[in-house]
Amino acid sequence: MLSFNQDCWFVRKVVRWRALASIAWSVLLLPATTTLFVFLVRFSLFHPVEWISECFGLLTAASTIFSLILLCGVVLVIGFFNLEGYTVVPSIPCSRVALLAKVLHPRQCVHSLVHCTVGMMVMWCASVMAGGRYQALGSPCTRGESADAPEVCLNEYHLFLLLAGAFIGYSHSFLGVVQNMNYVSFQIIQQYKYLRCKGSLPWVLKCSAVQSLYAVRNYVALYFFFGHIPRAWISNSLNLPIDSSVHSLDSLTGLLDFSLLYHLWISGAFLLLTWYITVLLFRIYVTEAHRFPVQSTFAEDAEQCLPKVLSEKRTLIMKFLALQDLALLSQHSPPRRQEVFSLSQPGGHPHNWNAISKECLALLSDLTQRLVAHHDAVASNGRARPPSATSDTRTTSNSSVSSAVVSGTEDLPQTPRPSVLLKTPGSVFLKSSGRGISSPLTAPFTPDLDSPFSTPSLRHLAAQQVPQQGQWLGSVQSPHIIRRGPKLWSTSTDSQANGSALASPVPTPSSPPPEQKSSFMAQWLQNRKEQVKGFMAKRVLVVYLFNKLPEASSQALFADSQAHIWALEGLSHLVAASFSEDKYGVVQTTLPSILGCMLSLQEAVDRHFKLPHASSKPVKTSCSMGDSTYKTLRFALRAALKTSIYRITSTFGEHLNAVCISAEHQKRLQQFMEYRE
Amino acid sequence: MCSLALFPPPLSGGQITLYEANNELVAGSSPDCYEKQHWDPPSLNFPRETLKPHSRPESSSKAAFLDHKDTLWMRSAGAWYMLAYILPKWLAVSSGCVLALIRWMSSFHGSLFPHLTLSGEEMTAEFSQVLDWSDSAIRSFAWHPHTDKFAVALLDDSIKIYNSRSATAPTLKHRLQRNVSAMQWKPLCASALAVACHTCLLVWHVDPSSLSTRPSSGCAQVLSHPGHSPVTSVAWSPSGSLLVSASPVDTAMMVWDVAAENCVPLQRVGGGGVTNVSWSPDGSRLLAATPSALFRVWETRMWTCERWPCLKGRCQSACWSPDGSRLLFSVQGEMVIYALTFSDMTGGPKSAAVVADLSETTFSGIDDITVGGEVQSLAWDPTGERLAVLLKGTEFLKSSLIYFNSSLAFKWEWKRPLNLNPGHILQMFSSLKSVTAI
């Protein structure tokens with residue numbers, strides 16, 4: 001839908017072809033999985049010869065061929081959704097209500113609906129291949145006591161499987177949201193696609209079997225309680241009477257049928273396996289390293305070169321792959337490093353190095369600013385400072401930087417917002433205007449820039465608006481700060497205290513006269529709001545929904561840190577290599593800024609890890625297709641940062657004393673040179 | 001090719017080599033008479049008697065209960081057997097047949113890979129780089145690659161860390177730290193130490209500026225993967241970003257991203273496991289030895305491997321030259337050192353060449369001394385000047401350490417360890433390091 005509209009050469013020329021190749025391979029793998037399924041579903045212990053001959057007969061039957069064609073269509077649909085929905089930066093909901101909003105988002109509803117339908121189709125194929133009592137929706141009635149019974153009755157077994165398909169389809173889509181299944185992570189090592197695929201196939205098999213087991217458990221419980229509703233509906237609408245002489249399936253005796261459960265489990269595993277293989281192949285294809293040329297002799301290829309591509313902000317996958325390529329070239333290929341260090345032919349400027357180092361440093365300092373702003377905001381909240389006009393404006397007059405951040409994140413209608421608001425049509429979703437006055441209930445829905453309310457196109461627009469680094473006030477608008485909105489609901493006592501603190505508003509001497517005029521109105525509004533907040537905060541459900549999930553803010557802050565890790569690795573390897581390979585000394589000129597940037601990031605990261613929940617490890621998810629790499633990215637970043645600084649200090653050694661950096665950084669660097677960090 | 005017959009005769013009459021000064025080895029009769037170095041390491045005498053009690057913590061209440069050794073499966077099998085009277089005959093017979101089939105298959109598997117029949121501890125002892133691992137007071141030793149710091153793993157499953165800059169010597173203990181078989185400090189990092197344990201892999205983060213003598217077990221990261229135990233070897237990549245661990249039971253070796261605690265298994269079935277991994281100093285290649293007569297050399301860019309079948313036995317020990325272009329290895333059952341030369345050009349080496357012959361040689365002097373034997377461990381110093389070789393014992397010397405100049409057979413010396421009880425591994429490695437330091 002959206003990625004097709006992007007007019008980026010990389011998506012057109014690379015990503016789309018990779019997606020197509022992955023879909024083609026998953027279609028080619030379908031006969032193999034189908035054969036496996038047929039053999040397992042028709043398994044009979046006591047008639048092995050009959051079993052094998054029957055399976056071979058079935059595999060060549062027309063119905064199976066038709067099912068295969070249908071399954072190909074299913075795989076195409078799933079592959080299309082993979083391509084549309086994938087992301088390299090996961091969106092992390094900070095509270096339960098944000099998660100709820102994600103699940104109920106219209107786009108997600110369409111996703112779920114399609115998956116339900118497609119799941120039913122797969123299950124129809126499965127029931128046709130399983131044969132026997134599952135064959136068709138209608139079955140001849142067993143003639144009971146009355147002779148006037150109709151010819152064809154409803155086959156509940158068939159219906160049971162179809163509904164199971166819909167259920168598994170929905171739970172796949174639902175779990176996809178909860179576990180961020182659309183997040184594509186990059187491997188720590190490079191492997192050929194075939195070997196990677198071979199290595200992860202057993203894991204995918206196990207995963208689908210286990211997940212299918214869970215799904216069967218949930219589905220059987222659901223069917224036991226609510227199974228009669230769809231059965232009656234289908235029976236009425238299709239005019240198929242229910243055979244009264246057969247046990248209905250929503251009873252204990254009906255459900256405790258071992259062979260039924262086995263067939264259900266195998267069919268569910270088959271369904272999930274085909275989908276998981278599609279997802280796996282897509283991930284493997286999309287994250288394959290792409291080699292960008294460092295410089296090109298032709299002007300028309302200039303936009304495909306590494307320095308240009310690195311500064312790209314719209315197509316994140318391209319930026320990530322470019323950074324990965326930078327990290328790889330800095331480690332493994334001396335000839336390409338030479339190109340980075342080379343000078344331009346007329347003029348003798350190190351354009352390549354300048355562009356690359358500038359982009360990497362911009363990335364790193366952006367992260368530093370984000371961390372500092374987050375830390376300041378959390379520290380002020382942690383001290384339970386009332387977010388009232390008085391205290392905030394007072395601090396605004398006192399200190400400049402930190403309070404600007406605070407006033408940007410707390411909802412203060414009367415403080416003039418110093419930063420530029422987003423002027424995109426969808427800016428309502430980005431919560432850039434009218435934040436304070438609107439009901440507090442909207443806050444947790446809106447703060448997340450990556451939330452499903454902001455569609456990818458919006459995200460791109462927002463990315464363009466991401467402030468230039470170096471501007472403090474600008475960074476307030478960065479999504480990760482805004483995301484802190486639900487923090488207000490963290491403690492009920494806090495907001496109650498706020499309410500009482502507001503009883504006596506003190507006009508601030510520093511505020512300009514026009515603001516004083518409107519301050520009464522604003523104070524009244526503020527008071528109302530605090531009262532509503534205090535009232536709501538006492539309700540258990542509200543607290544449950546709006547409470548911030550622990551760690552989530554930390555995870556969200558480091559959600560795109562894979563880029564920073566590569567930037568750090570690339571920079572440090574290039575700098576280390578420049579010690580012996582850089583003939584013209586182009587790296588020397590930027591060495592102070594690189595060191596300064598890394599050391600201040602190190603300081604910010606150290607401070608961040610002192611916050612509560614920042615250093616707690618996430619629980620490991622046992623067997624699911626969702627990739628939880630993003631949960632530990634902050635630890636990886638911390639380690640990569642230290643290693644990078646050590647790489648530079650151990651290469652340059654005593655020479656670093658001659659580099660002019662600030663005294664504080666010098667002291668920190670000395671710690672690294674003595675191996676004390 | 002160099003052989004032991006070319007070596008000058010060893011010292012005799014209870015003399016031991018103490019240190020090297022002005023390119024000469026100085027011998028003496030007592031270990032106390034050596035010159036002071038710039039860092040006088042603390043006393044590193046670990047008597048076995050003091051170590052043993054720690055390893056068997058007897059809880060007081062445990063003795064009151066009868067120990068039953070049956071596992072749950074054995075008990076249910078017993079119950080099954082007792083119920084067998086009421087079971088139909090055919091079921092008992094058929095399940096007996098299935099059981100026999102499974103036994104036959106597992107014994108067949110065991111005959112293919114004999115090491116799988118060993119218990120965990122025996123396996124660690126078998127594949128360890130340390131001589132006489134199960135009885136040695138010192139189980140493992142690791143120098144920090146950048147500073148004067150080392151870690152010693154002791155028989156009582158504790159690890160001590162000595163640092164030239166601080167007087168405190170932290171002792172690391174962890175519930176899961178059993179049967180330490182290998183350790184390595186993370187390169188480009190001051191604090192991280194990877195420890196290969198019986199059931200898992202531990203990564204300790206020991207803050208060098210901390211004054212605590214007992215870092216809590218919260219400082220250790222536990223990395224484990226089902227089926228990947230006992231871990232017998234660990235290797236950090238020289239760039240410090242990846243950690244590779246190997247287990248003789250698991251055919252896959254694990255590549256860990258330690259900070260994120262996720263791993264990528266690299267599976268190759270042949271060989272039946274991986275015993276020893278070693279990363280070339282330039283980070284471009286990785287050696288993985290298997291318990292069978294086969295080892296692999298992985299290139300670390302796309303992680304493909306080449307197989308190197310040996311004729312005689314498994315690869316016991318190996319080391320890389322500092323530029324990563326040469327690999328020296330020794331094979332179990334042969335008293336020679338082989339060399340392989342790799343280059344980035346097309347067409348790698350076709351076969352390994354013998355570079356040193358270590359067969360038993362008798363030096364006649366005041367008393368005849370016989371030196372030589374199979375190689376236990378190889379180490380090449382980072383400057384590439386000397387190669388240390390630890391030999392398995394003969395009847396006269398329980399072990400001997402020799403070293404070569406790496407221009408091989410230009411100048412050579414051999415050195416006997418300080419004492420002949422099994423605590424000599426420390427002397428071996430520290431002597432190698434001190435050679436590089438002087």
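Mentor: Buried area is the accessible area, taken with a 1.4 Å probe, that two parts lose on being put together, summed over both. The model is a predicted one, and the values that follow are computed from it.

With that definition, the area buried between chain A and chain B comes to about 2600 Å². Carbon and sulfur atoms give 61% of this area. The contact draws 25 residues from chain A and 31 residues from chain B. On the side of chain A, three residues stand out: I188(A), I189(A) and Y675(A) supply 25% of the area that chain A buries against chain B, more than any other three residues.

Y675(A) leads directly to a residue of the partner chain. T147(B) is in contact with E674(A), Y675(A) and R165(B), once its neighbours within four places in sequence are left aside. The position of T147(B) is the loop between β4 (138–143) and β5 (149–154) of chain B. Its relative accessibility is 14%, and because buried means under 20%, T147(B) counts as buried.

D157(B) sits in the loop between β5 and β6 (159–163) of chain B. Phi of D157(B) is near 65 degrees, a positive value in a residue other than glycine. With a relative accessible area of 9%, D157(B) is buried.

N180(A), which is not a glycine, has a positive phi of about 55 degrees. N180(A) lies in the loop between α6 and α7 of chain A. The relative accessibility of N180(A) is 4%, so N180(A) counts as buried.

Two packed helices are described by the angle between their axes and the distance between the axes. For helix α6 (residues 156–178) of chain A and helix α7 (residues 193–226) of chain A, the angle is about 120 degrees and the axes are 10 Å apart. Angles of 65 to 115 degrees count as roughly perpendicular, and α6(A) and α7(A) are therefore oblique to each other. The crossing of α6(A) past α7(A) is right-handed. From α6(A) the contact takes E156(A), F160(A), L163(A), A164(A), F167(A), I168(A) and L175(A), and from α7(A) it takes Q211(A), A215(A), N218(A), Y219(A), V220(A), L222(A) and Y223(A). By class, the residues of this contact comprise 11 nonpolar, two polar and one charged.

The axes of helix α13 (residues 334–341) of chain A and helix α23 (residues 561–581) of chain A come within 11 Å and cross at roughly 85 degrees. On this basis α13(A) and α23(A) are roughly perpendicular to each other. The residues in contact are P334(A), R337(A), Q338(A), V340(A) and F341(A) of α13(A), together with L574(A), A577(A), S578(A) and E581(A) of α23(A). They divide into five nonpolar, two polar and two charged residues.

Chain A has 26 helices and two strands, whereas chain B has five helices and 29 strands. Of the 677 residues of chain A, 54% count as buried; in chain B, buried residues make up 48% of 438. Among contacts between residues at least 6 apart in sequence, those joining residues at least 24 apart account for 79% in chain A and 47% in chain B.

Two further loops of chain B complete the picture. S229(B) and P230(B) are joined by a cis peptide bond, with omega about -5 degrees. P230(B) is placed in the loop between β11 (220–223) and β12 (233–236) of chain B. S364(B), in turn, belongs to the loop between β24 (361–363) and β25 (369–371) of chain B. S364(B) and T290(B) are 74 residues apart along the chain, and their C-alpha atoms are separated by 39 Å.

Terms used:
Residues numbered from 1 in each chain as written. Chains lettered and ligands numbered in written order. Predicted model: local features only at pLDDT ≥ 70, side-chain atom pairs only at ≥ 80, totals over all residues. Heavy atoms only, no water. Axes fitted to C-alpha atoms, helices over the stretch in contact; angles between N-to-C directions. Helix = DSSP H or I, 4+ residues; strand = E, 2+ residues; numbered from the N terminus. Parallel < 35°, antiparallel > 145°, perpendicular 65-115°, else oblique. Left-handed = near helix turned anticlockwise from the far one by under 90°. Contact = heavy atoms within 4.5 Å. Nonpolar A, V, L, I, M, F, W, Y, C, P; charged D, E, K, R; others polar. Buried < 20%, exposed > 50% of the residue type's maximum accessible area, 1.4 Å probe, protein only.
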